[in-house]
Amino acid sequence: MKDATTDILKRNSLSVTDSRRNILQLFLQQNASALRHADIEQSLQNIDRVTIYRTLQAFAEKGIIHSIPGSDGAA
């Protein structure tokens, strides 16, 4: 799984960091299921909230993930 995450990050011209690889690995394990910021925060307690937010923003800007608005207004 680490090789796939590294490949995806490099193909999208993103720095390969442990935080990015771990977050991306969570998405790959979900098999097309949505993840909320809180889900990621709970699963990866060693990564702070701001890093998760910025990583998700970078992934969305590069088209790696996309945002889905929830019924509560959160994406």
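Leaving aside residues up to four places away in sequence, Phe59 touches Leu9, Leu14, Arg20, Ile23, Leu24, Ile64 and Ile65, where contact means heavy atoms within 4.5 Å. This is a predicted model, in which local features need pLDDT of at least 70 and side-chain atom pairs count only at pLDDT 80 or more, while totals for chains, interfaces and linings use all residues. Residues are numbered from 1 along each chain as its sequence is written, and side-chain values use heavy atoms, with hydrogens and water left out.

Phe59 also belongs to the largest nonpolar core, which has 16 residues, and is listed with Ile23, Phe27, Ile40, Leu44, Ile52 and Leu56 among those with the most contacts inside it. Helix H1 (2–11), helix H2 (18–30) and helix H4 (49–62) each supply at least two residues of this core. A nonpolar core is a set of buried Ala, Val, Leu, Ile, Met, Phe, Trp, Tyr and Cys residues joined through side-chain atoms within 4.5 Å; buried means under 20% relative accessible area, exposed over 50%, and partly exposed in between (1.4 Å probe, protein chains only). Helices are DSSP runs (H or I, at least four residues), numbered from the N terminus.

**Charged pairs**

The structure holds four salt bridges, each a side-chain nitrogen of Lys or Arg within 4 Å of a carboxyl oxygen of Asp or Glu. One of them joins Asp7 and Arg11 at 3.1 Å, N to O; these residues lie four apart in helix H1, and so are separated by about one helical turn. Asp7 is partly exposed at 40%, whereas Arg11 is exposed at 58%.
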